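Me: I would like to learn how to read the features of a structure, one at a time. Could you give me the general idea of each and then show me the case at hand?

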Amino acid sequence: MYKYDEYDHQMVATRVEEFRDQVRRRISGELTEDQFKPLRLQNGLYLQLHAYMLRVAIPYGTLSGAQMHLLGDIADKYDRGYGHFTTRQNIQYNWIKLDQTPDALAELATVEMHAIQTSGNCIRNISSDQFAGAAADEIVDPRPYAELLRQWSSFHPEFLVLPRKFKICVIASETDRAAMRLHDIGIKIVRNDAGELGAQFYAGGGMGRTPMIAPMIRDFVPLDQLITFSEACLRVYNRYGRRDNKYKARIKILVHELGRDEYVRQVEEEFAHLLTQPIEPPLAELERIRAHFTDPAFDPSAPDDLDLSDPDFRLWVERNTTAHKQPGYVIATISLKPIGGIPGDASADQIRLMAQLGRDYSFDELRVTHAQNIVLPHVRKADLHTVWQALDGAGLATPNLDMVGDIIACPGLDYCSLANARSIPLAQKISQRFASPEKQAEIGELKVKISGCINACGHHHAGHIGILGVDKKGLENYQLSFGGSEGADTSLARITGPGFTEDGVVDAVEKATQVYLANKQGEERFLDTYRRIGMDPFKEAIYG
Amino acid sequence: MVEVQFRFRDDEAVNDPAVTVDSFADQSNATAVRIEPGDDARALLPALDRIALVEVNFPAWTDGRGYSSARILREAGYAGELRAVGDVVIDMLGHLRRCGFDAFAPDKPLNEADASAAWSRWDNVYQATAVDGRQPIWAKRHPA
């Protein structure tokens, strides 16, 4: 994985000092809260219902053991012994004290971590495929491109106060595991007919109140024009994105209002101009970054068989591991969704244990997924049982990846000042309703996603079953929708009808699974059956 | 008129009243023009050689359109004074410089010590803006 050089270290250290100075000016009263707010947001510091929340960047979701370990220590020292992994492949701490923030950031800097641009109206942390470098189906590892973009977007002077936040995702395989087309810019690394690598650009996707799937805006950008093209996309948005209404300020609205073709025309015009400016890093820089992402030293003679005689281990292997490109290895996903637990939460001890396992059994690498789980990307099959036992002993071996219990949920009204309804207790109730492993197995793959407000941090538009919490005359109410997906077959979920109470929505989800099981043909997943039979049979069962 | 608090030019300061972008085209004597956030800086390109001062107004520092306006003018070869006016705050100063601004007239004068820290904060930068004369980190990593 990427290692900082002296320049990267210096940039992060400078940022820590800049932020320390901003906090000093805030505490001394030189800055009002209104003036301080955009500044702290650009450094990942939110003011929530009860305390400050600090969001730490995990670029493209990749972490070393030492980084993960420190995240556990930060949870103990500056929070209440927990960290919360997010749908943006980051981690959040919910109980941070303002005056301690610069010190926490300084500690993070010792392991090459930071909170730069994890919020605010700027280019956010770049997300990517959590299986990058391990997946059998990727063309190349997408992370060098994400790292190149990370450096370009860090403190980019022209794009620090955009109309609204800006999220970029880079993938390099046909299977989209990162919801690429639901980003402001999605980039897919592809090969053209001549066999050359390039970047396919999508723009104007997003969730929020107006969910949109990004259209393709260019099928091939040569790698030595990647930054220049990105800059053209951003400049058109910075100049013409709406600033009169924050709910219409994302690039998706600009692309929608201009129309895809007109946006493309403007970007191409700006791109032609910017090509005359010496702003593109040389390919040698991409090569330098790529050298950090070579394969680890896989053992070519690692045995490829697994002893599955232990039924509990077998179940976990079936549910939570994925084929690796290297024989003898697997990708193991650690579910942070224990039955009745808070999705994405891990205790400091659990975080440090995962760090240790990453160090000892996964070439010192871990990943965070947008589904709020942790991945050990390169585990020898021969070590898998040992890893599982260690996870099991720490409550981290729930065998429910992509199943009904593997719920994505935003922090909701328990923490977030924007929320209209609680998400976490609802996730816990659904998880408990489907606690039986037999029931989960019968239902199979079913992605449930819950957002506590229309901003859609819980990705409810992309859920096979999506749930949106709303405020209805002072009462929490939940809207149910079906048929969303974030995969290569990206689709947006449709609302079923009138909303429910918290218990009512749990009942409705259960009824929906019954409709699925009664109608399922062959190997159909919930989503496939829904797409085939449509909304009506579900509606009848839920509202009938 | 608000005082220019910081200026990074050796030539004489221009104090002509700045006209709007819309009226600039009809006023062939005007040498100073003021860009509002919604204006298209490229409208000035045909007449760049007769402009001595461009003011870019930031009614709120959180509206970042002025950064693009500045860079567009510099990219087109504008060499006159480029002045940031309005809600100019300490934490913007370094970034404004990088986009080509060389004069600053904040509505509320800034603390000199804080400003001085802001000018000198970043020894290195990740990007080439091509208008700030700075060598980005990638160029230092790969000397020609």
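Reply: Let us begin with burial: a residue is called buried under 20% relative accessible area, exposed over 50%, and partly exposed in between, with a 1.4 Å probe and the protein chains only. By that rule E318(A), with a relative accessible area of 47%, is partly exposed, and R314(A), at 39%, is partly exposed as well. Please keep in mind that this is a predicted model, in which local features need pLDDT of at least 70 and side-chain atom pairs count only at pLDDT 80 or more, whereas totals for chains, interfaces and linings use all residues. Residues are numbered from 1 along each chain as its sequence is written, chains are lettered from A and ligands numbered from 1 in the order in which they are written, and side-chain values use heavy atoms, with hydrogens and water left out.

Me: What joins the side chains of E318(A) and R314(A)?

Reply: The general idea is the salt bridge, a side-chain nitrogen of Lys or Arg within 4 Å of a carboxyl oxygen of Asp or Glu. E318(A) and R314(A) form one, with N to O at 3.1 Å. Both residues belong to helix α10 of chain A (residues 311–320), where they are four residues apart, about one turn of the helix; helices (H or I, at least four residues) and strands (E, at least two) are DSSP runs, numbered from the N terminus.

Me: Which parts of the chain does the salt bridge between R352(A) and D73(A) link?

Reply: In that pair the closest N and O atoms are 2.7 Å apart. The bridge links distant parts of the chain, since R352(A) is in helix α11 (residues 348–361) and D73(A) in helix α3 (residues 65–78) of chain A, 279 residues apart. R352(A) counts as buried because its relative accessibility is 17%, while D73(A), with a relative accessible area of 29%, is partly exposed.

Me: How many salt bridges does a search of the whole structure find, and how many lie across the interface of chain A and chain B?

Reply: Over all chains the search finds 73 salt bridges, and across the interface of chain A and chain B the rule finds twelve. One of the pairs that cross between chains is R25(A) with D91(B), meeting at 2.6 Å, N to O; R25(A) is in helix α1 of chain A, and D91(B) is in the loop between β5 (81–86) and α3 (93–98) of chain B. R25(A) counts as buried because its relative accessibility is 2%, and D91(B) counts as buried because its value is 10%. The side chains of E158(A) and R71(B) also meet in a salt bridge, at 2.6 Å, N to O.

Me: How is the size of an interface given?

Reply: The size of an interface is often given as the accessible area lost when the parts come together. Buried area is this loss (1.4 Å probe) for two parts on being put together, summed over both. Here chain A and chain B bury about 3,800 Å² between them, 54% of it on carbon and sulfur atoms. In chain A, Y7(A), P157(A) and R239(A) lose the most area to chain B, together 18% of what that side buries. If one counts contacts instead, meaning heavy atoms within 4.5 Å, 46 residues of chain A are in contact with 36 residues of chain B.

Me: Is R88(A) buried or exposed, and which side chain of opposite charge is nearest?

Reply: For charge, Lys and Arg count as positive and Asp and Glu as negative, with His and the chain ends not counted. R88(A) is buried yet has no salt bridge, the nearest side chain of opposite charge, D184(A), being 7.3 Å away. The residue lies in the loop between β4 (82–85) and β5 (91–96) of chain A, and its side chain reaches the backbone oxygen of N125(A) at 2.6 Å. Leaving out residues up to four places away in sequence, R88(A) touches R124(A), N125(A), S127(A), K167(A) and H183(A).

Me: Where does I331(A) lie, and what does it touch?

Reply: I331(A) is in strand β12 (residues 329–334) of chain A, and I331(A) counts as buried because its relative accessibility is 1%. Among the residues that I331(A) touches, not counting those up to four places away in sequence, are F131(A), A134(A), V375(A) and L376(A).

Notes:
A polar contact is a pair of N or O atoms within 3.5 Å; within protein, one must be able to donate a hydrogen and the other to accept it, and residues adjacent in sequence count only if both atoms are side-chain atoms.
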